[in-house]
Amino acid sequence: TAWWRHVEAAPKDPILGVTEAFLADPTPHKVNVGVGAYRDDNGKPVVLECVREAERRVAGNLNMEYLPMGGSVHMVEETLKLAYGVNSDLIKDKRIAAVQALSGTGACRLFADFQKRFSPDSQIYIPVPTWSNHHNIWRDAHVPQKTFHYYHPESRGLDFASMMDDIKNAPSGSFFLLHACAHNPTGVDPTEEQWREISHQFKVKGHYALFDMAYQGFASGDPEKDAKSIRIFLEDGHLIGCAQSYAKNMGLYGQRVGCLSRVTSSRVVLDQLLNVLSMVCEDEKQAVIVKSQLQQLARPMYSNPPVHGALIVSTILGDPDLKNLWLKEVKGMADRIIGMRTALRENLEKLGSPLPWEHITKQIGMFCYSGMTPEQVDRLTKEYHIYMTRNGRISMAGVTTGNVGYLAKAIHEVTK
Ligand code: PMP
């Protein structure tokens, strides 16, 4: 008998399971607002023009050699400029240890493994709710998880007071996972003023922030604006970590292009070094050391990251014309989503729904946390062939001029 006979089926992934169910439904008017993948107004997946052009340019020059363990140096350089700013002193001073990662998921996982290896007794504070995979990532890295308040169900906004209490009450020097912008699944972000208060309190408590930035450009349409949270933390001198992904903002989902970076200083690296080797370094040297350790984590997992997507990204961001085209196209995607928020809300209000729907347009990014109950979502799926996660999260990227009326009507019916 097979030695794996005792193995039971793994639970379905709450997000990817929705896509499976959607694909299996033969109804022509079915709607998928489950997975967070951008669609055009005809509901079709999009390959950006800048990506097509970059592909044409790299096609002739591409060889299939391995990238270094830390990935494409050029891609990483351009990626850091996006998060930290083109004129960042941290970049100039080479104080950021950064490696290409297997998209945002891989970047988070590398961080979690690094955390476990060099701060083995630490925990991670994760917002409630969060992207469900965060829990899997830190679980598999064997880092205990704590939660902090984030969403306020009654106002369908931020529970800022409870969040600040949790930050204050966490033991000094705790690790926190923060969504840099366009929080998934709620679409609720702190305001600039609130970010300043959060950053201040992190300073007081000596907490460490890992920013997961999977949607830079998707929130406001401007990648610079969407990096505001990170920039505020940097202004305050925090040594942050940052996980970046090009899945959404360049539409490179399956290419798995991302980046993990962390700002270093003598103090933090010294702490880590005590676990590795005892050596006090200059700042730049410390970044080199941390990078070498990140590469060391990557080596037995996947050796080195994929080359094609990295070349596309570095080609786009390294060419001013292509970069401008990209900026226009990200804004186009963000604007379409913002437009669909307005349309969904207006449709619901026109139908005479007595419920408050302002949060649809107040929330930001790819998702609308509708406030629907799991039972209401079940009815949407069963009776209307509308597919979404049971937490009531609507992927606004799947809403189109063609289906918004139908979606609104169905939501109105199940929330009556
Ligand atoms: N973090 C968050 C909050 C996300 O929503 C996502 C995508 N759903 C990711 C990270 C990473 O996605 P990917 O690995 O495809 O870049």
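**Questions at a predicted model**

Visitor: Is R156 buried or exposed?

Guide: In this predicted model, R156 lies in the loop between β5 (151-152) and β6 (157-158), and has a positive phi of about 50 degrees although it is not a glycine. The cut-off for burial is 20 or more other C-beta atoms within 10 Å. Because 21 other C-beta atoms lie within 10 Å of R156, this residue counts as buried.

Visitor: Which helix gives the most residues to the shell around the ligand?

Guide: The ligand is surrounded by 13 residues, of which S103, G104, T105, S245 and A247 are the closest. By kind, the shell divides into eight polar residues, four nonpolar and one charged. The helix that gives the most to this shell, with three residues, is α5.

Visitor: Are helices α2 and α13 roughly parallel or roughly perpendicular?

Guide: Two packed helices are described by the angle between their axes and the distance between the axes. For α2 (residues 49-59) and α13 (residues 308-317), the axes come within 9 Å and cross at roughly 105 degrees. Angles of 65 to 115 degrees count as roughly perpendicular, and therefore α2 and α13 are roughly perpendicular.

Visitor: How many nonpolar residues are in the contact of α2 with α13?

Guide: From α2 the contact draws on C50, V51, A54, E55, R57 and V58, while α13 brings L311, I312, T315 and I316. Among these residues of the contact, two are charged and one is polar, and the number of nonpolar residues is seven.

Visitor: Which residue is joined to P129 by a cis peptide bond?

Guide: Most peptide bonds are trans. A cis bond does occur from N184 to P185, with omega near 15 degrees, where P185 is found in the loop between β7 (175-179) and α8 (192-205). P129, in turn, lies in the loop between β3 (124-128) and α6 (132-140), and the residue joined to P129 by a cis bond, with omega about -5 degrees, is V128.

Visitor: What is the radius of gyration of the chain?

Guide: The chain has 17 helices and 13 strands, and 47% of its 416 residues count as buried. For 416 residues the globule rule gives 22 Å, and the chain is close to that value, so it is as compact as a globular protein of that length, with a radius of gyration of 22 Å.

Terms used. Residues numbered from 1 in each chain as written. Predicted model: local features only at pLDDT ≥ 70, side-chain atom pairs only at ≥ 80, totals over all residues. Axes fitted to C-alpha atoms, helices over the stretch in contact; angles between N-to-C directions. Helix = DSSP H or I, 4+ residues; strand = E, 2+ residues; numbered from the N terminus. Parallel < 35°, antiparallel > 145°, perpendicular 65-115°, else oblique. Contact = placed C-beta atoms within 7 Å. Nonpolar A, V, L, I, M, F, W, Y, C, P; charged D, E, K, R; others polar. Near = placed C-beta within 6 Å. Rg over C-alpha atoms; globule rule 2.2 N^0.38 Å. Buried ≥ 20, exposed ≤ 12 C-beta atoms within 10 Å, placed from the backbone.
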